[in-house]
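This report describes a structural model, moving from the relation of its chains to details within a chain. The sequence and structure come next.

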There are 2 protein chains.
Amino acid sequence: MSNLFFVDKISTENIQSIENEEAHHAIKVLRLSVGELVYVSDGHGKWISGPISEISKKSLAIRIENTGETHAEKPELVVVQAFTKSDRNKEMLELVTVSGADRIIPWSSQRSISKWQSDSREKWMITVKEACKQSKRFRVPIVNNQMSTNEILNEVKTGFAIVFHESAKEKFSEISLPANLDRIYLIVGPEGGITEEELQLFSTINATVVRLGAPILRSAHAGFAAMSALQTKIGRW
Amino acid sequence: MSNLFFVDKISTENIQSIENEEAHHAIKVLRLSVGELVYVSDGHGKWISGPISEISKKSLAIRIENTGETHAEKPELVVVQAFTKSDRNKEMLELVTVSGADRIIPWSSQRSISKWQSDSREKWMITVKEACKQSKRFRVPIVNNQMSTNEILNEVKTGFAIVFHESAKEKFSEISLPANLDRIYLIVGPEGGITEEELQLFSTINATVVRLGAPILRSAHAGFAAMSALQTKIGRW
């Protein structure tokens with residue numbers, strides 16, 4: 001399977017260059033050769049593909065054969081993920097990315113165990129980008145900075161908010177989504193769950209609380225299950 | 001969160017005993033004490049819960065306070081999973097189990113890299129059981145022995161077979177499922193994909209070939225995505 005690399009800007013000529021770290025990775029780690037087919041994207045949807053035409057010490061050139069663009073779709077799909085135990089974050093981010101989330105908001109919830117560090121956002125973004133490469137996704141999801149519960153409440157008011165909680169009576173498949181939504185928020189609690197107080201706060205902004213099946217999902221898996229369910233419900237999958 | 005233990009038989013009296021390995025795990029590893037609430041299930045849907053009333057050297061007794069049963073539902077949901085790289089099997093089995101598969105069939109497909117060993121089934125069953133404990137699932141999915149492509153073709157004829165492949169034109173959400181199905185098979189390829197020849201064979205038995213979204217899912221994640229999508233479509237989630 002051909003590799004995908006990210007660059008700042010997609011060429012409008014017929015040669016695309018790859019430089020810096022991505023070039024280093026291609027040349028020194030993957031040891032690609034002239035002639036091999038690769039994909040290059042700007043991470044915002046635009047992409048090209050073609051064979052490597054030249055490899056120099058710190059860069060490589062691709063002869064552009066195909067071009068394309070993955071456009072943003074409406075509604076925007078946003079996963080609000082309470083941060084969970086740090087060793088599960090990588091798995092969570094990979095799953096949420098490949099399931100097509102447009103944006104991920106780290107939520108500092110009452111029962112979040114780990115702390116958000118100054119480099120956490122950068123780390124999350126690296127993981128998300130890796131998952132995009134692995135799954136050939138040309139639009140890299142946006143990772144916001146962490147938000148408190150109050151900030152989350154203000155944010156999710158701007159769209160249709162769905163909270164996943166095992167105590168909910170209503171099933172996800174039973175809810176009806178209004179037409180022409182700009183944005184859907186899927187709100188996933190931490191390993192220890194969303195508290196009663198948080199549920200109460202979400203109810204004040206008319207968030208819809210639903211459950212996903214009977215078994216209890218790990219926090220790191222719940223976002224993926226929710227995204228898969230939503231993608232099916234809105235007909236993208 | 002209370003622990004779940006599996007036993008061969010659920011008591012019809014008011015005391016449930018736990019013995020052997022499960023007792024060892026409760027006493028020596030988890031170091032549970034008298035009074036702690038636990039769940040006990042026969043793995044076929046029947047369960048009880050209550051506080052530990054007595055701990056002896058190799059067994060413990062539970063005073064039964066609640067009983068229940070998760071019944072088998074129709075259609076039966078069967079994941080046919082080409083075995084993938086062995087280090088991903090654990091993740092795949094955990095995901096497929098918590099998403100509610102009733103049965104898992106290991107498929108020896110053309111591009112399956114790892115080999116099925118004499119103890120593979122036992123290993124898969126242990127992982128599946130662990131995932132049931134973690135997610136409080138009282139019906140443990142059945143793990144079949146490995147099947148060849150021909151055996152898979154014969155098996156999936158008895159139900160509605162859906163093959164997931166990135167080349168498919170039809171989206172999963174677009175298919176219409178016949179009413180009153182006994183069994184739905186979700187067929188997931190290995191890391192290297194389902195071959196053209198295999199796709200051709202599935203078409204001879206009228207399997208429906210669909211795709212799930214644009215990004216390419218890892219084999220270990222595809223079954224979970226497929227199950228989540230199906231659970232939503234049939235209205236269980």
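Predicted model: local features only at pLDDT ≥ 70, side-chain atom pairs only at ≥ 80, totals over all residues.

**Relation of the chains**

Two copies of a chain are related by a rotation about an axis and a shift along it. Here, chain B is superposed on chain A by a rotation of 180° with 0.0 Å of shift along the axis, at an RMSD of 0.0 Å. That is the relation of a two-fold axis. Within chain B, the C-alpha nearest the axis belongs to B:Ala229, at 2.5 Å from it. Of the interface residues of chain B, 100% are also interface residues in chain A, so the copies meet through the same surface.

**The parallel sheet of chain B**

Strands of a sheet pair through backbone hydrogen bonds, either parallel or antiparallel. In chain B, six strands make an open sheet with parallel pairing, in the order β9-β8-β7-β11-β10-β12. The edges are taken by β9 (142-143) and β12 (208-210) of chain B; each has a single partner strand, so one side of each is left without a neighbour in the sheet. Strands β10 (residues 160-164) and β11 (residues 183-188) of chain B are joined in the parallel sense over four bridges. B:Ile162 stands opposite B:Leu186 in β11(B). Helix α6 (residues 219-233) of chain B packs on this sheet and touches β7, β10 and β11 of chain B. The direction of helix α6 makes about 150° with that of β11(B).

**Two buried strand positions**

B:Ile105 lies in strand β8 of chain B and is buried, with a relative accessible area of 0%. Leaving aside neighbours within four places in sequence, the contacts of B:Ile105 include B:Val78, B:Val79, B:Val80, B:Asn144, B:Ile152 and B:Tyr185. B:Ile105 and B:Ile187 are 82 residues apart along the chain, and their C-alpha atoms are separated by 9.3 Å.

B:Gly50 is placed in strand β4 (residues 46-55) of chain B. B:Gly50 has 0% relative accessibility and counts as buried. Not counting residues up to four places away in sequence, B:Gly50 touches B:Glu36, B:Leu37, B:Val38, B:Ile62, B:Arg63 and B:Glu65.

**Aromatic rings**

A pair of aromatic rings is described by the distance of the centres and the angle of the planes. Over all chains, the structure holds 15 aromatic pairs.

| Pair | Centre to centre | Angle of planes | Class |
|---|---|---|---|
| B:Phe83 and B:Trp116 | 5.3 Å | 35° | tilted |
| B:Trp116 and B:Trp124 | 5.0 Å | 75° | edge-to-face |

The pair of B:Phe83 and B:Trp116 links distant parts of the chain, 33 residues apart. B:Phe83 is in the loop between β7 (76-82) and α2 (86-98) of chain B, and B:Trp116 is in the loop between β8 (103-107) and α3 (120-135) of chain B. B:Phe83 has a relative accessible area of 3% and is buried; B:Trp116, at 15%, is buried. B:Trp124 is buried as well.

In chain A, ring pairs join A:Tyr39, A:Trp47 and A:Phe138 into a cluster.

Charges also sit over rings. A:Lys233 lies over the face of A:Phe172, 5.5 Å from the ring centre. In chain B, the charged end of B:Lys233 sits over the ring of B:Phe172, 5.5 Å from its centre.

Terms used: Residues numbered from 1 in each chain as written. Chains lettered and ligands numbered in written order. Heavy atoms only, no water. Least-squares fit on C-alpha atoms with pLDDT ≥ 70 in both. Contact = heavy atoms within 4.5 Å. Phe/Tyr/Trp six-rings, centres within 6.5 Å; stacked < 30°, edge-to-face > 60°. Buried < 20%, exposed > 50% of the residue type's maximum accessible area, 1.4 Å probe, protein only. Lys NZ or Arg CZ within 6 Å of the ring centre and 35° of its normal. Pairing = 2+ DSSP bridges. Axes fitted to C-alpha atoms, helices over the stretch in contact; angles between N-to-C directions.
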